Amino acid sequence: MDIDLVFRIAAFGIMISVINQLLKNAGREDIATLATLAGLVIAIMYVVGLMSDFFSSVRQMFSLY
């Protein structure tokens, strides 16, 4: 796993956290919650895509053909 990937996901989490705090301070708690959930879904989709690539490469490595 490349360390750049970890930093990219961490930066995305920090960005979502800042957006969440800005919206909460502006009195928009409902939109802050939706922004946090959207960020979580985007991060999970990114990680699932990477896991899919990983399992495909493992499957190809141990293929009998």
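Before I start, a helix here means a DSSP run of type H or I with at least four residues, and helices are numbered from the N terminus. With that in mind, please remember that what you see is a predicted model.

Let me begin with the surface, where Ile-9, Tyr-46, Val-47, Leu-50, Met-51, Phe-54 and Phe-55 together make a nonpolar patch of about 590 Å². Which helix gives the largest share of this patch? That is helix α2, which covers residues 29-61 and supplies six residues of the patch. Leu-50 is one of the patch residues, and it is found in helix α2.

Now let me turn to the charged side chains. In general, side chains of opposite charge can pair when their charged atoms come close. How many salt bridges does the structure hold? There are two salt bridges, and I will take them in turn.

In one of them, the side chains of Arg-8 and Asp-4 meet at 2.7 Å, taken from N to O. Both of these residues lie in helix α1, which spans residues 3-25, and they are four residues apart, which is about one turn of the helix. Arg-8 is partly exposed at 46% relative accessibility, and Asp-4 is likewise partly exposed, with a value of 37%.

In the other salt bridge, the side chains of Arg-28 and Asp-30 meet at 4.0 Å, again from N to O. Here Arg-28 has a relative accessibility of 40% and so counts as partly exposed, while Asp-30, at 48%, is also counted as partly exposed.

Conventions: Residues numbered from 1 in each chain as written. Predicted model: local features only at pLDDT ≥ 70, side-chain atom pairs only at ≥ 80, totals over all residues. Heavy atoms only, no water. Patch = residues over 30% accessible without salt bridge, like charges linked within 9 Å, V, L, I, M, F, W, Y side chains within 5 Å. Areas by Shrake-Rupley, 256 points an atom, 1.4 Å probe, with all protein chains shown as cover. Helix = DSSP H or I, 4+ residues; strand = E, 2+ residues; numbered from the N terminus. Buried < 20%, exposed > 50% of the residue type's maximum accessible area, 1.4 Å probe, protein only.
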